[in-house]
Amino acid sequence: MAGSLQGKVALVTGASSGIGRASALAFCREGAKVVAADVDVEGGEEAAEGIREAGGEAVFVRTDVSRPGDVKALVDQAVGTYGRLDCAHNNAGIEGVMGTPTADQAEEDWDRVIGINLKGVWLCMKYEIPQMLEAGGGAIVNTASVAGLVGFEGICHYVASKHGVVGLTRTAALEYARQGIRVNAVCPGVIWTPMVDRATGGSAEAQEQFTGMEPVGRMGTPEEVAETVVWLCSDAASFVTGVPMPVDGGLVAR
Ligand SMILES: NC(=O)c1ccc[n+]([C@@H]2O[C@H](COP(=O)([O-])OP(=O)(O)OC[C@H]3O[C@@H](n4cnc5c(N)ncnc54)[C@H](O)[C@@H]3O)[C@@H](O)[C@H]2O)c1
């Protein structure tokens with residue numbers, strides 16, 4: 001049976017690790033050709049190789065999503081390689097320094113988190129959308145977070161960046177709805193990835209605290225987020241746009 005994205009071309013940022021790596025593989029399983037982007041070259045080449053070993057097509061393009069020139073070159077290379085762009089998962093992100101109250105937030109860390117998590121998503125859409133218009137339509141999924149829906153203490157830069165991604169997603173969805181481009185966001189809860197490893201510092205107690213936020217009593221997997229991303233990009237979600245969708249084990253239902 002053909003996959004739900006057979007013959008499509010999908011771009012994934014942050015594809016070297018965690019959620020992005022899982023979504024790159026899920027796009028491949030659904031029949032899409034994958035353009036994987038990240039600053040981590042080793043992980044990105046590994047992710048693309050994994051897709052080719054699974055029988056799919058993939059290229060890796062080293063990209064810093066906070067740099068306009070890099071993002072333009074990424075989209076140019078995607079279209080140059082596969083001829084079009086149909087789907088994008090704008091997912092690259094960092095957690096920044098955690099545990100700092102708003103008044104003590106360092107400006108440099110604020111700028112870095114906003115530059116990658118928020119400006120990076122806008123830059124990706126800025127260059128992806130014209131190519132999707134050229135292709136006659138498309139689907140974009142931005143990775144926000146439950147931190148894009150509610151506040152969390154000690155990470156004002158991250159929370160502001162993810163609320164910004166939700167606002168950008170809604171705005172772009174309205175702007176391009178009549179031109180066949182759907183724009184949605186996923187809002188993951190606590191997902192077991194290297195980001196959470198760093199945030200918990202590998203401490204069992206901190207991991208328990210993170211798990212304790214989850215009504216389902218466990219962390220989510222990157223694959224559980226990836227399934228939502230490919231569904232949102234597929235025709236099965238043809239009437240879904242402008243939605244920040246929690247994939248969070250019930251975290252924001254509290
Ligand atoms: N893990 C979670 O619990 C969780 C929860 C909510 C949202 N998120 C979001 O999911 C996304 C993916 O996170 P993850 O958990 O898979 O983390 P991760 O650290 O495993 O992966 C993030 C990837 O982004 C890449 N990256 C970082 N800066 C970049 C840049 N400037 N340009 C290009 N690539 C860059 C990293 O190299 C890495 O491969 C992030 O946007 C994160 O904020 C994660």
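Guide: Two residues are in contact if their C-beta atoms, placed from the backbone, lie within 7 Å. By that rule, G18, I19, R21, A22, S23, A26 and F27 in α1 meet P222, E223, V225, A226, E227, V229 and V230 in α8. The model is predicted: local features need pLDDT of at least 70, side-chain atom pairs count only at pLDDT 80 or more, and totals for chains, interfaces and linings use all residues. Residues are numbered from 1 along each chain as its sequence is written.

Visitor: Why is α1 called oblique to α8?

Guide: The two pack at an angle of about 50°, with their axes 8 Å apart. The axes are lines fitted to C-alpha atoms, for helices over the stretch in contact, and angles run from 0 to 180 degrees between N-to-C directions. Under 35 degrees counts as roughly parallel, over 145 as roughly antiparallel, 65 to 115 as roughly perpendicular, and the rest as oblique. So α1 is oblique to α8.

Visitor: Which classes of residue make up the contact of α1 with α8?

Guide: Nine are nonpolar, two polar and three charged. Nonpolar covers Ala, Val, Leu, Ile, Met, Phe, Trp, Tyr, Cys and Pro; charged covers Asp, Glu, Lys and Arg; the others, Gly among them, are polar.

Visitor: Why are α1 and α2 called roughly parallel to each other?

Guide: Helix α2 (residues 41-53) packs on α1 at about 25°, and the axes lie 10 Å apart. That angle therefore makes the two roughly parallel. R21, A24, L25 and C28 of α1 meet A47, G50 and I51 of α2. This contact has five nonpolar residues, one polar and one charged.

Visitor: What makes α3 roughly parallel to α4?

Guide: Helix α3 (residues 68-82) and helix α4 (residues 107-135) have axes that come within 9 Å and cross at roughly 30°. Hence the name: α3 is roughly parallel to α4. From α3 come P68, V71, K72, V75 and V79; from α4 come L123, C124, Y127, E128 and Q131. Seven of these residues are nonpolar, one is polar and two are charged.

Visitor: Where do β3 and β7 stand in the sheet, and why is one side of each left without a neighbour?

Guide: The open sheet has seven strands, ordered β3-β2-β1-β4-β5-β6-β7, with parallel pairing. β3 (58-62) and β7 (244-247) are at the edges with a single partner strand each, so one side of each has no neighbour in the sheet. On average, neighbouring strands are turned by 20° against each other, direction ignored.

Visitor: How do you know that β5 and β6 pair?

Guide: Pairing requires that DSSP finds at least two bridges between two strands. β5 (residues 138-143) and β6 (residues 181-188) share six bridges in the parallel sense. A139 stands opposite R182 in β6. Helix α5 (residues 156-176) packs on the sheet, touching β5, β6 and β7, and its direction makes about 160° with that of β6.

Definitions and conventions: Helix = DSSP H or I, 4+ residues; strand = E, 2+ residues; numbered from the N terminus.
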